[in-house]
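Please read the following account with the sequence and the coordinates at hand. The paragraphs below go through salt bridges, helices, annotated regions and the ligand site in turn.

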Amino acid sequence: MKLYYTPGACSLAVHIALRMADQEFELERVDSATKTTETGADFRAVNPRGYVPALTLDGGDTITEAPAVLQYVADRAPDAALAPAPTTLARTRLQEVLNFIASELHKSFKPFFSGTPISDADRPAAEEVVANRMRFVEAMLADGRQHLIGDTVSVADLYLFTIANWCNFVGIDLGRWPNLKAFVARIGALPAAREAMAAEGLTG
Ligand SMILES: N[C@@H](CCC(=O)N[C@@H](CS)C(=O)NCC(=O)O)C(=O)O
């Protein structure tokens with residue numbers, strides 16, 4: 001398999017999942033501005049929509065859209081328990097959370113990654129959109145749970161970690177949400193997360 005990624009982007013969640021699932025994979029970096037990969041290839045030939053993550057399987061098929069890619073990786077390695085079994089209520093809960101993260105949380109960061117720095121005038125409103133979503137996550141974690149779903153790390157945790165960690169790069173203080181801040185520290189300390197971030201050049 002080959003994961004097309006951009007350092008620190010939402011593809012990081014898939015990258016961590018591949019490591020936790022003990023899968024063999026290659027990485028190919030994508031320049032999100034030029035849509036070329038590190039080999040000079042046109043990334044739009046891989047994903048016509050031009051965004052990561054894209055996971056090309058050994059047979060040549062490519063899967064896109066983070067919730068789908070994450071579940072594909074989880075289902076390849078049931079022993080890693082990164083997702084509840086299909087057709088269970090717990091699996092539906094996982095899908096519920098993955099879709100919330102993808103459509104509500106992830107996209108709330110859009111103004112911060114438009115390609116030009118966000119203006120001082122636009123920042124408060126953009127931060128409030130993020131905060132609205134983060135407050136909901138904080139409420140979920142307030143019952144003391146260590147993971148979004150069940151008692152072990154799932155792909156939803158990896159996705160939430162990846163997106164919430166962006167706060168640290170766009171100047172939003174995660175300390176406003178203490179449970180979420182602790183969650184990000186906890187997931188970020190997992191060996192697979194540390195290895196993935198190092199491989200993407202995000203840490204020393
Ligand atoms: N709907 C897609 C969105 C993926 C996405 O927004 N990827 C970002 C990085 S986090 C990207 O590659 N952006 C570059 C672009 O849209 O041109 C998914 O859930 O996978």
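A salt bridge is taken here as a side-chain nitrogen of Lys or Arg within 4 Å of a carboxyl oxygen of Asp or Glu. By this rule the count comes to 11 salt bridges, and one of them joins the side chains of Arg 29 and Glu 38 at 3.9 Å, N to O. The model is a predicted one, in which local features need pLDDT of at least 70 and side-chain atom pairs count only at pLDDT 80 or more, whereas totals for chains, interfaces and linings use all residues. Residues are numbered from 1 along each chain as its sequence is written, and side-chain values use heavy atoms, with hydrogens and water left out.

To place these pairs relative to the surface, relative accessible area is used: buried means under 20%, exposed over 50%, and partly exposed in between, with a 1.4 Å probe and protein chains only. Arg 29 counts as partly exposed because its relative accessibility is 38%, and Glu 38 falls in the partly exposed class because its value is 44%. A further salt bridge is formed by the side chains of Arg 133 and Glu 104, at 2.7 Å, N to O. This pair links distant parts of the chain, with Arg 133 in helix α4 (residues 123-141) and Glu 104 in helix α3 (residues 89-108), 29 residues apart. Helices (H or I, at least four residues) and strands (E, at least two) are DSSP runs, numbered from the N terminus. Arg 133 is partly exposed, with a relative accessible area of 30%, and Glu 104 is partly exposed at 31%. Glu 128 forms a salt bridge with Arg 135, where the closest N and O atoms are 2.7 Å apart.

The next element to look at is helix α1. In α1, 8 of the 10 residues are buried, so this helix is largely enclosed by the rest of the structure. The buried residues of α1 are Ser 11, Leu 12, Ala 13, Val 14, His 15, Ile 16, Ala 17 and Leu 18, and what covers them includes β1 (2-5), β2 (26-31), β4, α2, α5 and α8 (191-199). Contact here means heavy atoms within 4.5 Å. Ser 11 is buried because its relative accessible area is 0%; leaving aside neighbours within four places in sequence, Ser 11 is in contact with Leu 3, Tyr 4, Tyr 5, Thr 6, Val 52 and Pro 53. His 15, which lies in helix α1 (residues 11-20), likewise counts as buried because its relative accessibility is 0%. Not counting residues up to four places away in sequence, His 15 touches Leu 3, Phe 25, Leu 27, Ala 196, Ala 199 and Glu 200. After α1 comes Asp 22, whose phi is positive, near 60°.

Helix α2 (residues 66-76) has as its buried residues Ala 66, Pro 67, Val 69, Leu 70, Gln 71, Val 73 and Ala 74, and these pack against α1, β4 (54-56), β5 (62-64), α3 and α5 (155-164).

Two regions carry annotations from UniProt, whose positions are given in the numbering used here, with feature names shortened, and whose annotations may be inferred rather than shown by experiment. For "domain: GST N-terminal", an unreviewed UniProt entry lists residues 1-81; over that range the chain is 26% helix and 22% strand, and the end C-alpha atoms are 20 Å apart. The annotation "domain: GST C-terminal", also from an unreviewed UniProt entry, covers residues 87-204, where the chain is 62% helix and 0% strand and the end C-alpha atoms are 41 Å apart.

Which residues surround the ligand? With a residue counted as near a molecule if one of its heavy atoms lies within 4 Å of it, the ligand is surrounded by Ala 9, Cys 10, Ser 32, Lys 35, Tyr 51, Val 52, Pro 53, Glu 65, Ala 66, His 106, Lys 107 and Trp 166. A backbone N or O atom of Val 52 lies 2.8 Å from a nitrogen atom of the ligand, and a side-chain N or O atom of Glu 65 is 2.6 Å from a nitrogen atom of the ligand. An oxygen atom of the ligand is 3.1 Å from an N or O atom in the side chain of Lys 107. The protein covers 76% of the 510 Å² of accessible area that the ligand has on its own, with accessible areas taken from the Shrake-Rupley method with a 1.4 Å probe.

Methods: Polar contact = N/O pair within 3.5 Å; in protein donor to acceptor, adjacent residues only side chain to side chain.
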